[in-house]
Amino acid sequence: MGVEGIVRDAAGNPISGQVTVKWQLDGSVMGYKVVNGNPMEQPGTFKFDIIRGTIYHGPKNSVLQIIASESNPTPLSAPLTWQIKDCNDGPERFVNITFRHR
């Protein structure tokens with residue numbers, strides 16, 4: 001299973017600063033991605049690679065949240081939560097997830 005998306009500012013543009021996206025699966029941190037406005041990359045994008053194996057067999061709660069940094073986990077967004085039924089029952093990649101500052 002993998003997750004990817006974009007972080008946008010209040011105007012709907014990819015962010016120009018830097019934030020960190022944290023991904024959790026059933027309470028376990030699966031990883032952190034630093035998202036920035038680097039024009040040499042796709043600004044504001046994040047991507048967590050596909051995880052294979054038994055780690056996501058059966059129902060799991062998946063949570064994405066923007067935080068200040070890995071060392072400073074102060075939340076900068078409400079958590080985005082969804083339930084994954086099983087790797088055999090749904091998509092392996094969740095895409096087009098958009099965080100937008102209000």
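In this structure, Leu-25 stands opposite Ser-28 in strand S3. Strands here are DSSP runs (E, at least two residues) numbered from the N terminus, and two strands pair if DSSP finds at least two bridges between them.

Before I continue, a word on the source: this is a predicted model, in which local features need pLDDT of at least 70, side-chain atom pairs count only at pLDDT 80 or more, and totals for chains, interfaces and linings use all residues. Residues are numbered from 1 along each chain as its sequence is written, and side-chain values use heavy atoms, with hydrogens and water left out.

Let us turn to the sheet. It is an open sheet of four strands in the order S3-S2-S5-S6, with antiparallel pairing. S3 and S6 stand at the edges with a single partner strand each, so one side of each has no neighbour in the sheet. From one strand to the next, the twist averages 20°, with axes taken as lines fitted to C-alpha atoms and angles running from 0 to 180 degrees between N-to-C directions.

S5 pairs with S2 (residues 18-25) in the antiparallel sense over six bridges, and Gln-24 stands opposite Val-63 in S5. With S6 (residues 80-84), S5 forms an antiparallel pairing over five bridges; Asn-61 stands opposite Gln-83 in S6.
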